Amino acid sequence: MTTIMAFLKNKTVQQLFIFTFFQNLLWWVAGSTAATGTPLATNIKVYLGGYGILVAAGYFLILKRHFQSHIGPILVVAAATLGLLAAPHDHLLQLFAILLCVFLVLACVPQLGLQSAYGLVVFSFLAGCGVPVILFFLRNHYLATQFLMPMVPLVASYLVFFEPYYLTKERDWRWTLITPAILLLTLLTLGFSWQVTIAGILALAYWWLQPKINEQYRLVTTSVVQLILGLLIFD
């Protein structure tokens, strides 16, 4: 009992739970947008929920340990198994589910050069689209434009907020403006509204504030801000 309490009191464990919860809440909010199909079976929800939990927990540890985590890759490999079970009759969805898991494992190998701008782009697309696309497709059996359009700024938010973990070297400050500019442009594709305006202000404010936040709490803070951003986008 003492060991369990010590485990739960560990700050990294607490942050992992918070980060994982908010990331999955964001994904399920995004995946439920414009959904008009049939509800998922309970076992599919369990598999997909487990997949999302293990993936988010895995890349939390991988990023927090600067791609040197030993437990993170194990979690994402376990997630791949649940991803296969979540879509047992659709091989394309199964492939899509394991792509992020494979990428996260390979990203931990420095020789492959995935801790880079290229790796950031791949991660942002797979992390932003993974669970929402699988969830939407399993319910509706197609992908609608009404669903895909808000997904673009969601993916762009991963570019902005997770850039410091993939691009760690000092650069000309002008290069740092690229990802927030992309996010603002993608938000404009949604049209003008008070939600989009607040989302843009929030994204820029956090992008400016993020380097000033204690690194120990940065991932958790990012998950909270990203969820708020997602609620504004998918409102």
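1. A quick definition to start: two residues are in contact here when they have heavy atoms within 4.5 Å. Keep that in mind as you look at the structure above, which is a predicted model.

2. Which residues of α7 meet α11? From α7 they are P150, P153, L154, S157, Y158 and F161, and their partners in α11 are T222, V225, Q226, L229 and I233. Sorted by class, this contact of α7 with α11 has eight nonpolar and three polar residues, with no charged ones.

3. Now for how those two helices sit. Helix α7 covers residues 145-161, and its axis lies 10 Å from that of α11, at an angle of about 160°. Angles over 145 degrees count as roughly antiparallel, so α7 and α11 are roughly antiparallel to each other. The crossing of α7 with α11 is right-handed.

4. Left-handed or right-handed? The crossing of α3 and α4 is left-handed.

5. On the α3 side you'll find I44, Y47, L48, G50, Y51, L54, V55, A57, G58, Y59, L61 and I62, and on the α4 side I71, G72, P73, L75, V76, A78, A79, L82, G83, L85 and A86. By class, the contact of α3 with α4 has 19 nonpolar and four polar residues, and no charged ones.

6. Helix α3 has another partner to check: helix α6, residues 117-140. The axes of α3 and α6 come within 11 Å and cross at roughly 170°, so α3 and α6 are roughly antiparallel to each other too. I44, L48, Y51, G52, Y59 and L63 of α3 make this contact with F123, A127, V131, I134, L135 and L138 of α6. Its classes are eleven nonpolar, one polar and no charged.

7. How much space lies in the largest pocket? It holds about 410 Å³. Of its 15 lining residues, P164, L167, R171, T176 and P211 are the closest to the centre. The elements giving two or more residues to this lining are α8 (163-166) and α10 (194-209). By class, the lining of the largest pocket has seven nonpolar, three polar and five charged residues.

8. The second largest pocket has about 230 Å³ of space. Its lining is made of H66, F67, Q68, C108, P110, Q115, P164, Y165, Y166, T168, E215 and R218. Here the elements giving two or more residues are α8 and α11 (215-233). Which element gives the largest share of this lining? That's α8, with three residues. The lining of the second largest pocket divides into six nonpolar, four polar and two charged residues.

Note on methods:
Residues numbered from 1 in each chain as written. Predicted model: local features only at pLDDT ≥ 70, side-chain atom pairs only at ≥ 80, totals over all residues. Heavy atoms only, no water. Left-handed = near helix turned anticlockwise from the far one by under 90°. Helix = DSSP H or I, 4+ residues; strand = E, 2+ residues; numbered from the N terminus. Nonpolar A, V, L, I, M, F, W, Y, C, P; charged D, E, K, R; others polar. 1 Å grid on protein atoms, 1.4 Å probe; cavity = no way out; pocket = protein on both sides within 12 Å on 5 of 7 lines; lining within 4 Å. Points joined across faces, edges and corners; volume = space filled by probe spheres on them. Axes fitted to C-alpha atoms, helices over the stretch in contact; angles between N-to-C directions. Parallel < 35°, antiparallel > 145°, perpendicular 65-115°, else oblique.
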